[in-house]
Amino acid sequence: MREKTKILDAQTISRTLIRIAHEVLEHNRITDNLAIVGIRSRGAHLAKRLADCVKKIDGKEVPVGILDITLYRDDLTLLNYQPVVHKTEINFDITDKNIILVDDVLYTGRTIRCALSELIDFGRPKTIQLAVLVDRGHRELPIRADYVGKNIPTACNETVEVRLAESDGCDEVVIIEKDNS
Amino acid sequence: MKLLIKNGRVIDPANQRDEVLDILIEHDTISKVAKNIKCPADMVIDAADKIVMPGLIDLHVHVREPGREDKETVITATRAALKGGVTTVLAMPNTIPAMDTIENVQLLREIIKRSACINVFICGAITKERSGKALTDISALKRAGVRALSDDGASVDDEEIMLEALQRAKKNKLLVSCHCEDKILANHGAVNLGFTSTRLGLRGISKESEYLRIARDIQLAQKADAPIHIAHISCAESIEIIKKAKKKGINVTCEAAPHHFSLSEEDVLDYDANKKMNPPLREKGDSEAIKQGLRDGTIDAIASDHAPHTENEKDIEFERAEFGVIGLETELAVAITELVDTGILDWTELVRKMSLAPAKILGIEQGTLSVGGRADIVIVNPAAEWVVEKKGIVSKSKNSPFLGRKLKGVVEYTICNGALAYPFV
Amino acid sequence: MLWTKKDLLGLEYLNREEIEFVLETAASFKEVSTRDIKKVPALRGKTVVNLFYEPSTRTRVSFEVAAKRLSADVINIATETSSVRKGETLIDTGKNIQALKADIIVMRHNYSGAPTLLARNVDISVINAGDGWHEHPTQALLDIFTLKEKLGTIEGLKVSIIGDISHSRVARSNIWGLTKLGAKVSVCAPKMLIPQAIERMGVTVTHDVDEALQEADAVNVLRMQFERDNQNAFPKQLEYFKNFGITEERLIKAKKNIVVMHPGPINRGIEISSAVADGKHSVILEQVTNGIAVRMAVLFLAAQANEKVDSRQ
């Protein structure tokens, strides 16, 4: 395992989120029924930051929720570690809302599939839009993001690691190359 | 037929022998015990580095025949005995029917005559159907050939009946072997009463249920001025009572089973019914006390309480499972591992507990390697280790509490009545 | 933490870390039951068999609800309707259930140790839903979960368990669980109903209910069972209530915010007065709600541990 390249630094991440916030507002003229839901754990941090950006631009407080998709995963039996189940925290009614679903990296699309299933169990949103910090390609399901921070073409032996101050002490996105063993 | 055993370490407490010697066997008799016997023989066994001792005498064996041939038969029990180095057993009377009439005893004698591979003595019942209500015809049982009396599995609750049993047994020169248990105090328990019964959520069998009955039976024996033998003692209090009685000069002997000095109640925390027996495994302090009792002579003999049960009777809910474990094939190795290897007994004392003393208790001229005596001999590799496995068990039932255990001491040859009987041909 | 235990047989067999992990997992599951759609797909396609050799409504229903909220299929087998009465052995029954390709057996049995025997003889998971006087681990886990929710932590708490300790699997599981998490546990009952050497489980013993209540942060009141056909039952019940019943008068002397638990079903006027059962200290119904979350967590963890065992073979 070795770190190959840093593709985003703290400043870029911050600028990217502001840009996405603008795009979201442009796309959703009325913010009254807007809500942001982040996928645990880094998507949740990004969701909060995105809500802050929206507030700065628009002055409106947008409700933020957290989704834990562990119980909706289709690969529970394939894991060789114990997935820790955390709480899903959506303290508002999502019905008829425009939901911005936030995650850090879009890869195969399976996480988003789980998140969509779970979200729909909470109600019937008007729309669900997807915002990701990084899209690294290699989709396995027909899923695409509405708002992308950065498209990063990657190889299969690489992983994209998003580090955020809230959980990792600093803001950066790096590509890590796995050993071919 | 001449059989010569060469260079074995001969342990024979009856003749104060512990030295490397040769033994010559002619027909069924030991004809010579000496160094470097030079004599042509039909068979020579090299016993260098081996222990040569008199065959074991087990005072407590359930052969289950007649009645429960699905558990064990005289053939399978005596073959298991041979594998364990045992050449004489006392068969307990709780068969179906019980050994409470001349006819029943004769029936078993016929079976033994037909199928036993070793010497099997019959223990008659004290009371009819072992129900504790009415005495059997003790002198008739004696004439039918029983060697001792017991209601094993049950204790005679009625003091008067027990007293009379002891008196009549004395008149007939029969030993009474007592299963000491007050069933009311035992409270339908399944394990020792104490922390373990609490942890397991099972009814417990108190130690009182055993030792209070031992105290009573000894008192009755004193009153009757008759010898008494206490079977399978399991706790420190029992040993103390017997020790005091012996000091007072009362003619009491007792036996302990290998599982009671090698295992303790903690071994049953996994609800393994192969460790369920009566009396139950007690505390660690009790198994230690039994070892000390063996060392200081309070406990005279080691007996297996070999109690075969089918898997159907054991692989069920613990409380429903039968009491009892098999032991003929493991008793010597367990004793070597737990007593000799640990320095609690030396070889001479071990042979005394497992052969000479039981012979004396039973009043038979065995348990020795005396010239002119009957050739019941076992040759043991004292250093060899083995693991008790189900598939190796000769007994018809496999309910050993030692499954998976590593033991020291392997019986290499068992000679019974002068003939090489084990290994099986 | 990697959960590899396929069975849950008792809290005696879990360490502190494992108990805390189950409780944390349960906390996450609690939210699921507050949703409009109270169902997640985590155990979709799994089969849970409730094998009950003893009548029980609440525990069985709780497990059934928990399994269904995880999308598992649930089959109920009760002794009345099964081949058990025809003399099939427990091991045979278990192997038959395994042959049906069920994934988890939730078992209630009147004999102590029966789940242990079954777990040794099948590869699928066995969850003990109460065996004899031995253990009732999910009940204790939900009791502890509720306490933790109410009082924040278990460490250092003083908990009194009052009632027939001798014949109570709930008491035993609670004692193991609470002491492992650092609570100070005392048991209170008439002498006859205290089992031998219970102190060695790390508890103190009292026969005085006021003493048991005095310093307690929480009290777990056990259900008293008097023989139904016994003519002396009624006076005995009155006497028990007088001497050991938890009443408002008794609670006046206790800590102001004492938590009163009961595993149910309650006998009003025998071990607990109606006023206390329905009063402000009582968390009896919250226990029922929390039971679902705890059993969801236990089923979820067992299912995964079993998958891991499978994939290793």
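This is a predicted model: local features need pLDDT of at least 70, side-chain atom pairs count only at pLDDT 80 or more; totals for chains, interfaces and linings use all residues.
**View 1. Ser71(C) sits in the loop between α2 (58–69) and β2 (73–78) of chain C.** Residues are numbered from 1 along each chain as its sequence is written, and chains are lettered from A and ligands numbered from 1 in the order in which they are written. Ser71(C) isn't a glycine, yet its phi is positive, near 75 degrees. With 15 other C-beta atoms within 10 Å, Ser71(C) is partly exposed (20 or more would be buried and 12 or fewer exposed, with partly exposed in between; C-beta atoms are placed from the backbone).

**View 2. Ala197(C) is another non-glycine residue with a positive phi, about 55 degrees.** Look for Ala197(C) in the loop between β6 (184–188) and β7 (203–206) of chain C. Ala197(C) counts as partly exposed, having 15 C-beta neighbours inside 10 Å. For background, most residues other than glycine have a negative phi, and most peptide bonds are trans.

**View 3. Two cis peptide bonds in chain B.** One joins Glu65(B) and Pro66(B), with omega about 5 degrees. Pro66(B) belongs to the loop between β6 (56–61) and α1 (74–83) of chain B. Another cis bond links Tyr422(B) to Pro423(B), again with omega about 5 degrees. Pro423(B) lies in the segment after β18 (419–422) of chain B.

**View 4. Helices α1 (residues 16–30) and α5 (residues 137–151) of chain C pack with their axes 10 Å apart, at an angle of about 70 degrees.** That makes α1(C) roughly perpendicular to α5(C), a label for angles of 65 to 115 degrees. From α1(C), Val22(C), Leu23(C) and Ala26(C) meet Leu141(C), Ile144(C), Phe145(C) and Lys148(C) of α5(C); contact takes C-beta atoms, placed from the backbone, within 7 Å.

**View 5. Chain C meets chain B through 20 residues of chain C and 18 of chain B.** On the chain C side, α3 (90–99), α4 (114–121) and α6 (169–180) each supply at least two residues. The largest share of that side, three residues, comes from α4(C).

Technical notes: Two residues are in contact if their C-beta atoms, placed from the backbone, lie within 7 Å. Helices (H or I, at least four residues) and strands (E, at least two) are DSSP runs, numbered from the N terminus. Axes are lines fitted to C-alpha atoms, for helices over the stretch in contact, and angles run from 0 to 180 degrees between N-to-C directions. Angles under 35 degrees count as roughly parallel, over 145 as roughly antiparallel, 65 to 115 as roughly perpendicular and the rest as oblique.
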